[in-house]
Structure formats: C-alpha cells, structure tokens
Amino acid sequence: NFKISYFDRVGNSPEPWFWKAQDLLEAAKTLRKNCPIFKVKREDIGSVFLKRPRVNRFKHFGVMMMLRAMAIECILKGLWAKAGGKLTQDGKLVRIPNTGDHDLISLANAIAKKTTLKFSCEEKQFLKRLSVAIVEERYPLPTKAAKHEIWGWGYPVDDDKFESIMSKLRPLLKKRKQEN
C-alpha cells in the first residue's frame with residue numbers, strides 16, 4: 001500500500017523529525033520574546049521575584065518550555081532514525097525500545113547507545129522536568145491526580161540548562177548518518 005510505505009519512509013527519515021523540531025523551537029522563540037520575565041535583566045531577577053503580581057511575569061514560560069521539550073523529543077527521535085533505528089512500521093508509529101511516552105531521559109539513553117550523546121546528572125534532572133512539561137503544560141490537569149508533580153520553572157537557570165542540552169544536540173544534527 002502506497003500510504004503505508006510513504007508513512008514508513010517519512011517516519012523513519014531523520015529530516016522530518018528535525019524539521020518539526022525546528023518549527024517547535026521557532027514557536028518557543030516567539031513566546032520567549034513575549035514572556036515578561038525575559039525583559040528583566042539577570043541581575044535584577046531577585047528584586048523582581050519579590051514584587052506582585054508574580055503570575056504575569058511568567059506568562060508563556062511554561063508553554064515555551066513545553067514546546068522546547070517537544071522539540072528535544074523530535075530531535076532525539078530524529079537521531080534514532082539517523083542511526084538506523086525504526087520509528088514507524090507497517091503504517092504505525094513504534095516506540096523506541098525501552099522508552100516511555102514523552103520520557104526524554106529514556107530516549108536520551110537509547111540514543112546514547114548509538115551516538116556520542118551524553119548528558120550530565122543536572123541535565124538529566126532537567127530532562128525529567130521537561131518530560132513532565134510535555135503533558136502538564138498543555139492540559140489544566142494530568143491524567144491522574146497521583147501523577148501530578150508540583151514544580152515550577154526557574155529563570156534564568158532553566159533557560160541556561162536548555163541551552164546546555166541544545167549545545168550537545170546541535171552537533172549531532174550535522175553529522176552524517178552512522179553506518180550500522
């Protein structure tokens with residue numbers, strides 16, 4: 001069937017995953033430009049946190065982080081395809097072995113086995129928080145009360161951690177496909 005073979009060919013090619021990641025990163029960049037907290041100088045952050053109302057200063061921040069997390073997920077899946085892994089089969093998306101839904105750490109661990117990608121413990125903790133953001137920043141509630149994690153974003157630290165992770169991913173996007 002042409003539809004199935006086309007779906008599998010596109011789904012198992014790294015470029016569409018990287019293109020989608022770029023779209024998500026561009027959308028996140030637009031939100032970042034409009035997020036009030038980014039208009040504050042880093043040295044003034046401490047005094048800004050003491051002022052009210054606090055909510056408006058972080059407007060868009062969580063959604064921006066969700067888009068960044070989704071972009072990282074697409075990049076990791078694209079790297080899997082680039083290394084010869086399958087993401088689609090018989091017209092359906094398939095899970096990378098030993099990974100969970102939107103679990104960036106398990107995805108990173110799977111990719112690390114096929115590439116030079118390595119994250120620090122601090123970066124892995126941040127990836128864990130980003131994994132939660134993929135679900136919790138798009139809905140008002142998680143799927144179950146027991147899954148809800150109370151956490152928040154921190155600027156400028158989380159912005160710096162994101163850039164640290166991206167600095168490790170960008171070079172892998174440019175390398176040629178590894179032969180298996």
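Me: On what basis are the values computed?

Reply: This is a predicted model, in which local features need pLDDT of at least 70 and side-chain atom pairs count only at pLDDT 80 or more, whereas totals for chains, interfaces and linings use all residues. Residues are numbered from 1 along each chain as its sequence is written, and side-chain values use heavy atoms, with hydrogens and water left out.

Me: How many residues has helix α7, and what does it reach from its first C-alpha to its last?

Reply: Helices are DSSP runs of H or I with at least four residues, numbered from the N terminus. The expected span is 1.5 Å times one less than the number of residues. Helix α7 covers residues 157–174, which is 18 residues, and reaches 27 Å, close to the expected 26 Å.

Me: Which residues of α7 are buried, and what covers them?

Reply: Buried means under 20% relative accessible area, exposed over 50%, and partly exposed in between, with a 1.4 Å probe and protein chains only. In α7 the buried residues are Asp158, Asp159, Lys161, Phe162, Ile165, Met166, Leu169 and Leu172. Their cover includes α2 (14–34), α4 (61–82) and α6 (121–136).

Me: At what angle do the axes of α6 and α7 cross, and which residues meet?

Reply: Axes are lines fitted to C-alpha atoms, for helices over the stretch in contact, and angles run from 0 to 180 degrees between N-to-C directions. The axes of α6 and α7 come within 10 Å and cross at roughly 105°. The two helices are therefore roughly perpendicular, a class that spans 65 to 115 degrees. Contact means heavy atoms within 4.5 Å. On the α6 side, Glu122, Glu123, Phe126, Leu127 and Arg129 take part, and they meet Asp158, Lys161, Phe162, Ser164, Ile165 and Lys168 of α7.

Me: How many salt bridges does the structure hold?

Reply: A salt bridge is a side-chain nitrogen of Lys or Arg within 4 Å of a carboxyl oxygen of Asp or Glu. The structure holds nine. One of them pairs Asp23 with Lys20, with the closest N and O atoms 3.9 Å apart. Both residues lie in helix α2, three residues apart, about one turn of the helix. An α-helix has 3.6 residues a turn, so residues three or four places apart point the same way. Asp23 is partly exposed at 47% relative accessibility, and Lys20 is partly exposed at 42%.

Me: Which residue forms a salt bridge with Asp159?

Reply: The partner is Arg32, with the closest N and O atoms 2.6 Å apart. This pair links distant parts of the chain, since Asp159 is in α7 and Arg32 is in α2, 127 residues apart. Asp159 counts as buried at 5% relative accessibility, whereas Arg32 counts as partly exposed at 28%.

Me: How many disulfides does a search of the whole structure find?

Reply: A disulfide is a pair of cysteine sulfur atoms within 2.5 Å. The search finds zero. Cys74 is buried at 11% relative accessibility, and Cys121 is exposed at 67%.

Me: Is Glu73 buried or exposed?

Reply: Glu73, in helix α4, is buried, with a relative accessible area of 9%. Leaving aside residues up to four places away in sequence, Glu73 touches His102, Leu104, Leu107 and Ile134.

Methods. Parallel < 35°, antiparallel > 145°, perpendicular 65-115°, else oblique.
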